[in-house]
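The following briefing concerns a single protein chain. It is arranged by topic and is meant to be read beside the sequence and the structure.

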Amino acid sequence: MPTALESAVEALSDQNVPLPDALRRLLVVSRRIGADTLAEWIGHELSGYSPDDSLPSYRSAAGIPVALRFVGPFQSSITRTFSVMELPQELRGAMDNVALREPLASCVALAGGPQDPELGFPIFWIERYRQLAEQNEAPRFEMMTLDHAAARFPRTHLLGVLDRIRTTGLELALSLEDISPEVGMPGGPTVKTDLDLARVVSVGVINVFGAGANVAMGDGAQAFQITPGDVPALLAAATSYLADEGIKALGAAIEADGEVAGSATKRVLEKVKGGAFALASGSREFPTKPPCPLSP
């Protein structure tokens with residue numbers, strides 16, 4: 001009988017398994033290893049993102065076209081798509097809050113629908129566009145008036161988003177599998193007991209939300225904004241759980257390795273894992289979530 005992690009890998013690599021079902025199998029693993037940030041990402045994908053939630057870059061509306069429909073005499077109409085940069089400056093803000101926040105199952109249904117889904121703009125936006133068109137400050141067609149405007153999500157774009165989610169989940173599952181065959185098993189390693197496992201999860205979450213994402217750490221869920229390559233910020237964040245001796249050793253190792261973590265940094269992390277350096281709290285327990293991932 002396959003383990004929970006093996007089941008997740010098999011489901012995520014099989015296009016015939018519905019993506020929401022496959023992602024739920026990875027959710028089981030994330031819960032068992034105590035990877036709260038990973039479980040939160042999966043939960044948002046399955047349930048949708050609220051307006052206050054941080055969005056992964058692949059769910060943004062960057063590059064999404066605006067569809068404008070103009071009507072004219074004898075019930076004639078014409079629809080054209082424009083990039084947001086082709087619109088008048090004061091109207092571009094309509095795209096600021098446009099994003100793909102729907103639950104994963106809804107995204108799957110939209111991608112398989114008969115036409116590209118749209119998110120309509122309010123009537124006051126259309127009225128202002130008409131005014132600017134009359135002043136020749138917005139695209140227009142002779143003897144025609146704008147009567148509908150919307151952000152249009154091409155189905156090809158939606159399929160790309162779904163593929164990105166499946167691939168991201170699969171890469172995470174395979175990385176977890178590289179740590180230990182017991183990952184995801186009841187009583188197996190967790191991010192609190194295995195530094196390598198914590199690092200893989202943290203790298204995965206950063207890859208989901210992009211460089212410079214907020215990373216929460218520790219039982220107090222303290223958050224740090226770390227920019228890749230910002231070593232002082234990384235060391236400052238590490239002081240929340242690692243004592244001075246360990247901080248100095250980590251800083252020296254990163255400086256010796258350069259921009260990419262190498263043997264020196266790995267040796268220091270192995271020493272932390274083995275208990276050679278005391279943590280700031282005085283215990284030998286690893287933090288639930290490390291402050292910043294290091295490139296392999």
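Predicted model: local features only at pLDDT ≥ 70, side-chain atom pairs only at ≥ 80, totals over all residues.

The side chains of histidine 148 and glutamate 118 are joined by a polar contact of 3.1 Å.

- Histidine 148 is located in strand 4, which spans residues 145–152.
- With a relative accessible area of 26%, histidine 148 is partly exposed, because the buried class requires a value under 20% and the exposed class one over 50%.
- Beyond its neighbours within four places in sequence, histidine 148 is in contact with Ala67, Leu68, Arg69, Glu118 and Ile126.
- Threonine 79 is 69 residues away from histidine 148 along the chain, yet the C-alpha atoms of the two are separated by 9.0 Å.

- Four strands make up an open sheet in the order 2-1-4-3, and their pairing is antiparallel.
- The edges of the sheet are strand 2 and strand 3 (118–120); each has a single partner strand, so one side of each lacks a neighbour in the sheet.
- From one strand to the next, the twist averages 30 degrees.
- Strand 1 (residues 66–71) and strand 2 (residues 77–82) run antiparallel and are joined by six bridges.
- Strands 1 and 2 form a hairpin, with five residues between them. Within the turn, phenylalanine 74 has a positive phi of about 60 degrees.
- Helix 5 (residues 123–134) lies across strand 1 and strand 4, and it runs at about 125 degrees to strand 4.

**The nonpolar core**

- The largest nonpolar core contains 62 residues. Trp41, Leu68, Trp125, Tyr129 and Leu176 have the most contacts inside it.
- Helix 6 (residues 155–179) gives the most to this core, contributing seven residues.
- Leucine 68 touches residues that include Ile78, Thr79, Arg80, Phe82 and Leu87, when residues up to four places away in sequence are not counted.
- Also touched by leucine 68 are Trp125, Tyr129, Leu146, His148 and Ala149.

**Salt bridges**

- The count of salt bridges comes to seven; three of these are described below, starting with glutamate 45 and arginine 59.
- The side chains of glutamate 45 and arginine 59 meet at 2.9 Å, N to O. Glutamate 45 is in helix 3 (residues 36–47), whereas arginine 59 is in the loop between helix 3 and strand 1, 14 residues apart.
- Glutamate 45 is buried, its relative accessible area being 0%, and arginine 59 likewise counts as buried at 0% relative accessibility.
- Glutamate 90 and arginine 128 form a salt bridge in which the closest N and O atoms are 2.8 Å apart. Because glutamate 90 lies in the loop between strand 2 and helix 4 (104–111) and arginine 128 in helix 5, the pair ties together parts that are 38 residues apart in sequence.
- Arginine 128 counts as partly exposed, at 26% relative accessibility.
- Aspartate 116 and arginine 155 form a salt bridge, with the closest N and O atoms 2.9 Å apart. Aspartate 116 lies in the loop between helix 4 and strand 3 and arginine 155 in helix 6, so this pair ties together parts that are 39 residues apart in sequence.
- Both partners are partly exposed: aspartate 116 has a relative accessible area of 25%, and arginine 155 has a relative accessibility of 27%.

- Methionine 85 is found in the loop between strand 2 and helix 4.
- At 56% relative accessibility, methionine 85 counts as exposed, because the threshold for that class is over 50%.
- Between the C-alpha atoms of methionine 85 and valine 66 the separation is 10.0 Å, the two residues being 19 residues apart along the chain.

Key
Residues numbered from 1 in each chain as written. Heavy atoms only, no water. Core = buried A, V, L, I, M, F, W, Y, C linked by side-chain atoms within 4.5 Å. Buried < 20%, exposed > 50% of the residue type's maximum accessible area, 1.4 Å probe, protein only. Helix = DSSP H or I, 4+ residues; strand = E, 2+ residues; numbered from the N terminus. Contact = heavy atoms within 4.5 Å. Pairing = 2+ DSSP bridges. Axes fitted to C-alpha atoms, helices over the stretch in contact; angles between N-to-C directions. Polar contact = N/O pair within 3.5 Å; in protein donor to acceptor, adjacent residues only side chain to side chain. Salt bridge = Lys/Arg side-chain N within 4 Å of Asp/Glu carboxyl O.
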